[in-house]
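Q: I have a model open and want to go through it piece by piece. Can you take my questions as they come?

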Amino acid sequence: MSSDKILSPMEDEELVQLFQSESFTNCMRRVLHLDVTEQLIQRTLKSFSKESKTSTNEKCHRTAKELRIEGNKYFKNKNFEKALDLYNKALTFSDLKVDEDGVGGSGENSEYVLCLANRSAVHYHLHHYQFCINDVQNSLGHNYQPTHKLILRRAQCFFHLNNFSEAKNDLMVLKMAPQNGAKPEEVDDWLRKIELQQQQKQPQQPQHHHLQQPRNEHTQEEILKVKGGKSDVLMQASRCVCVQFSEEKTRYLVARGELEEGDVLIMERPFVCLLLPPYYHSRCFNCLGDLENFYPCLTCRRVRYCSGECRSEAWRSHHHIECPYMEMLESGCQHQSIINSDTASHGTFSVLAVVSVIPLIPSIKLDTFECQTASVLLRCLEESSFFEGYKNLEEDYEGFRAFIGGLLLRHICQLICNAHAVNDLELTQLASSSLVDSEQQVRIATAIYPTASLMNHSCDPNTISCFHGDTLLVRALKRIKPGEEIFNCYGPHYKRMSRSDRQEALLSQYSFTCLCTACERENKHHDDDDDDDDDDDDDLKHVSTIAPCDDVFICKSCQGRLVRCSHHHHHHRHSPTHKSSSKQASSGDSISDNVISSRNISSTDDGDDDRMVKYVCVDCKTGADENHSKLISKNFDESNALFELANDHLRRGNTDEAYGLFERCCSLRKAIYQPMSIQVANVLDALAQSSSIIGDFPTSQSYLKCSLSIVEHVYGRKSIEHANEVRKYSEVCWQAGSLEEARDSAGKALRMFEVLYGHEHKSCHELRNAIASMNFCLS
């Protein structure tokens, strides 16, 4: 959407007064009658219409055919990976007439069906047997001819998956109808193979690389169960959870019964969910599952699904409305583009229910952008079939239209406070041969979970959230007693942010001052220190409580915790990921030419020309002298530059050079940081990674063991960071020959992952398989 100013200053002022005095419905009623609103809508829709320019979202039969033919050439030359890539591209350009359920029509041997059939052949040769079966079934569902090729291919896949009964059924279909084109001798040959395998005591091992099944909600609900069954009131929560109300907190959740560590308290699919654009090609647009074998939207090129079922569900619930506007929604509205016309699509909440569950924060600031967005989205709904059943209302249709616009406006305004970040683990791999790769949580989508939104914030929460696709699971992180409030963390956590930073972040986004136990505990400790040191250096008053992952240096006087004074905090702060803000040094450059001098930073509030960063010890309450401050600043900048340069060498495969740079970085950091600093742990982890790449696993094990103790100290025994580190340590121990330690560490990691993610998470499956292999080797 254009960022040009739409309304005059007088109109802006009038709208602000309107926001403050009237309901959302009345607000939209007034806005929709403004001439400038209609001008905005027309201009926005025209800029993304088919007539304005060549759309990047349109299907193209000619392009689809060209890509498919090119893919055929690579298939004949047995370059199956390239053929697969071309068939996938051809699928995104091919179209098929869609019915109201989002299912393509007959499409006999259309480009779409031909691409699916050809892709199934590639999957068969790549041993992706389940994917091949899925593509065959979709092709046959669209009346691909001749059928005998696909039926035989499906039978062969079932055979390789040891599903002999299904394989035999397909072969008998071919045998009973020889006129369909199948060769009788080939069918008989496969029937004999099945008979031979069934006579053997041990069936052959399944020859497959992928066994992904289409998403099955019923199976998921059978596996993932909330503690004590679902509540009759909060239908997405456990019976052990209830809602209470107070004037101070409004609605909040408390435990009705004893909750143990790992219990599932909430299992909720989103009311609405928006996949972020960077993940359009790797995640299902409906359930957020991995897209190893995708099925494109039949009318646009941007959207992909993991199965035909997901595609149909999305089309029925919302995509038939947003599909023509995907380019506009992605470019102009982003998170404001959430639309869902099927109020019962997820079984519980309608639009009205969400409005009642999520109260508007009184101090939220509204501006004209929210109204503009709501107006454009309302027009998108009008041009779809959304209002068809309401245009003949005996009551005022314009009033109903303003009411829907008001709901859109309200949701847009609430997104900043009530939208959840949907996260998943993503592997960060600098070298393909390394065992010591890091997994980090990345945001893949934004969604609204009404039940989970009832939880209040704590900087030290007693629950943790994880996701199975788009399903949110809230688990108890510790034992919760009956009557105890259930807390979630909105982002600022006491292990990762100082109290002052947490308070600032929560007040800025959520408009409240946090009074959780962690904040009160740190506040009391800080007040006690202030009472004891009224006559101390004025700089002490600027030392805030610190988070375990903050930069904490060594005090030369008492070996205690030395930190920067908060009023000098504009010096770039170190993050746990060690991304230096200095220009990255290139290979061959001297480190001294690529660091930022700390003397470039003004550090005094009284206008002095003293440009050194000041440090003060929170334990002995003394400040660092000038020489020690210089050493900290010098080592800080030089170690960051070394760390970035070493990572660059590692990415380019120069492991020996990287190892030497990491060693120098480690030496510099140990000279200034506390021994249990996360900055020291990160470089130890990098040294472990470099050692594993060159095959020196005992050295890698020793580095990881040191890093592991620091990560546990900084983030906590039950943290995701600690679980990932224990898992890495187990893998390296195994390669180093420490088999029993590897098995014990894998068991420890499994128990942590079961609490954090649940028994059915892929990480738990992988760990159980690893433990089984270790037990076999040790038996």
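Q: How many residues does helix 3 have, and how far does helix 3 reach from its first C-alpha to its last?
A: Helix 3 covers residues 35–47, which is 13 residues, and reaches 19 Å, close to the 18 Å expected at 1.5 Å a residue. The expected span is 1.5 Å times one less than the number of residues. Helices here are DSSP runs of H or I with at least four residues, strands are runs of E with at least two, and both are numbered from the N terminus.

Q: Where do these values come from?
A: This is a predicted model, in which local features need pLDDT of at least 70 and side-chain atom pairs count only at pLDDT 80 or more, while totals for chains, interfaces and linings use all residues. Residues are numbered from 1 along each chain as its sequence is written, and side-chain values use heavy atoms, with hydrogens and water left out.

Q: Back to helix 3. Which residues are buried?
A: Val36, Thr37, Leu40, Ile41, Thr44 and Leu45. Buried means under 20% relative accessible area, exposed over 50%, and partly exposed in between, with a 1.4 Å probe and protein chains only.

Q: Why are they on the same side of helix 3?
A: Because they cover an arc of only 160 degrees around the axis. The arc is that of the directions from the helix axis to the C-beta atoms.

Q: And which exposed residues are on the face turned away?
A: Asp35, Gln39 and Lys46.

Q: New topic: what is the strand order in the open sheet?
A: The order is 3-11-10, with antiparallel pairing. Two strands pair if DSSP finds at least two bridges between them.

Q: Which strands stand at the edges?
A: Strand 3 (264–268) and strand 10 (463–468) each have a single partner strand, so one side of each is left without a neighbour in the sheet. The twist averages 20 degrees from one strand to the next, taken between N-to-C directions of axes fitted to C-alpha atoms, on a scale from 0 to 180 degrees.

Q: How many bridges join strand 3 and strand 11?
A: Four, and strand 11 spans residues 471–476. Met267 stands opposite Leu473, and Glu268 stands opposite Leu472.

Q: Is strand 3 mostly covered or exposed?
A: Mostly covered: five of its five residues are buried.
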